[in-house]
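Here is a friendly walk through a few local features of a protein model. Have the sequence and the 3D view open as you read.

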Amino acid sequence: AVSNSGPASSPSPLLSPRGPGGGGANPPKRLSKDELRAKCVAEIVESERGYVRDLETLCNVYLAPLRAKAIAKVDLALLFANIELVLNVNRQFVAELDARCAAAKAGTAPGAAVDGTVYAQCVGDAFVKFADMFKMYTTYCANQPVAMAAYDRYLRTVPAFVKALEEYDRHADVRGLNLGAFLIKPVQRLCKYPLHLRDLSKYTDDAHPDRAALDEAIGKIEKTVDYVNDKKRVAENQHRVQQVREQLDELPASVELITPSRRFVEEVAVLVIESTGKKATKSRTVPHRVFLFNDMLLWAKEKGDKKKLRYKGSLMLKQLVVRDAGVNNHLSLHCVQLCAVDGALGIGGGGGGGG
């Protein structure tokens, strides 16, 4: 989120100095509820202006020059998704906020001025108007895990990309940040809106002309954020399933790992007991990885570099039975067997298929 805090010597947000001298012998003046509300509105508007400036920096300082360079192996659609559409929406939104504040100051908005400096700004309806438009963030936020993974990969593998970013990072509007810091800002900003609105609600009386619209805005914005977060979680999970698929060698064509309904649940490292001779006492443990999905259990053997895995087997959960295999005296380990309901052995001690 964009910070608009002042220097360390700024007065507390709950107190203001009395007179131009900053207080002196006079005690500080406690701010009224109307003044606190005005500060809250100012924070919303100023931080939104700063956020739009950051989006413009992202598009003008990074995206446009990278698009012109057309660097091989760099997928800009993967990195930036629909950021230009997001920028367009927020340009319109900040214009709405500015218009409402200007109307309040001119005395043409509902509510009267307070002591000539604090006005009854009504911003709730602006959030109501844009709540559904903010669903435009769904594409950007859902793409975020893939975008950041691509960003890290390009930094490691594409020297021309690194060289270009070194040039862009020196731009004054970047302010010592980098492309990664700007790419995450839309996700952070969307999550800030409910917090801003709830802070504003604390200083808004029931009789205030913004009260009804503000209550509606809180409900609509929270629903929008929940909607975007749900879609982001689904996309992140699909990306994780894809990552598992890319790790696996020797996956049979009959095992379709990526399906629309499959969800990744957990990954654990296990030791699988393998027999090393005819005698049951001769065995060894071999590192495996077990992947639990919402409908399947899959296990694979670790290869030398541990980056790739050799597929060893899988069972649909509706076919799975877990059996207590007791303690393996030779290895002093308590073991379990994961078996198919038809009796075919999945993973476990004592020999057979899954090892």
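## Lysine, cysteines and a helix pair

Setting aside neighbours within four places in sequence, Lys232 is in contact with Cys141, Ala142, Gln144 and Val187. Keep in mind that this is a predicted model. Lys232 belongs to helix H9, which covers residues 211-247. With a relative accessible area of 16%, Lys232 is buried, because the cut-off for that class is under 20%.

Cys141, one of the contacts of Lys232, leads us to the cysteines. How many disulfides does the model have? The count comes to 0. A pair of sulfur atoms would have to lie within 2.5 Å to qualify. The sulfur of Cys122 has its closest cysteine sulfur in Cys101, at 9.9 Å, so the gap is too far for a bond. Cys191 is in no disulfide either, and its nearest cysteine sulfur is that of Cys141. Here are the two cysteines with their values:

Now for a helix pair. Helix H5 (residues 137-157) and helix H6 (residues 159-168) have axes that come within 6 Å and cross at roughly 100°. That angle makes H5 roughly perpendicular to H6. On the H5 side, the contact is made by Tyr151, Tyr154, Leu155 and Thr157; H6 contributes Pro159, Phe161, Val162 and Leu165. What is the make-up of this contact in nonpolar, polar and charged residues? The residues divide into 7 nonpolar and 1 polar, with no charged ones.

Notes
Residues are numbered from 1 along each chain as its sequence is written. This is a predicted model: local features need pLDDT of at least 70, side-chain atom pairs count only at pLDDT 80 or more; totals for chains, interfaces and linings use all residues. Side-chain values use heavy atoms; hydrogens and water are left out. Axes are lines fitted to C-alpha atoms, for helices over the stretch in contact, and angles run from 0 to 180 degrees between N-to-C directions. Helices (H or I, at least four residues) and strands (E, at least two) are DSSP runs, numbered from the N terminus. Angles under 35 degrees count as roughly parallel, over 145 as roughly antiparallel, 65 to 115 as roughly perpendicular and the rest as oblique. Contact means heavy atoms within 4.5 Å. Ala, Val, Leu, Ile, Met, Phe, Trp, Tyr, Cys and Pro count as nonpolar, Asp, Glu, Lys and Arg as charged, and the others, Gly among them, as polar. Buried means under 20% relative accessible area, exposed over 50%, partly exposed in between (1.4 Å probe, protein chains only).
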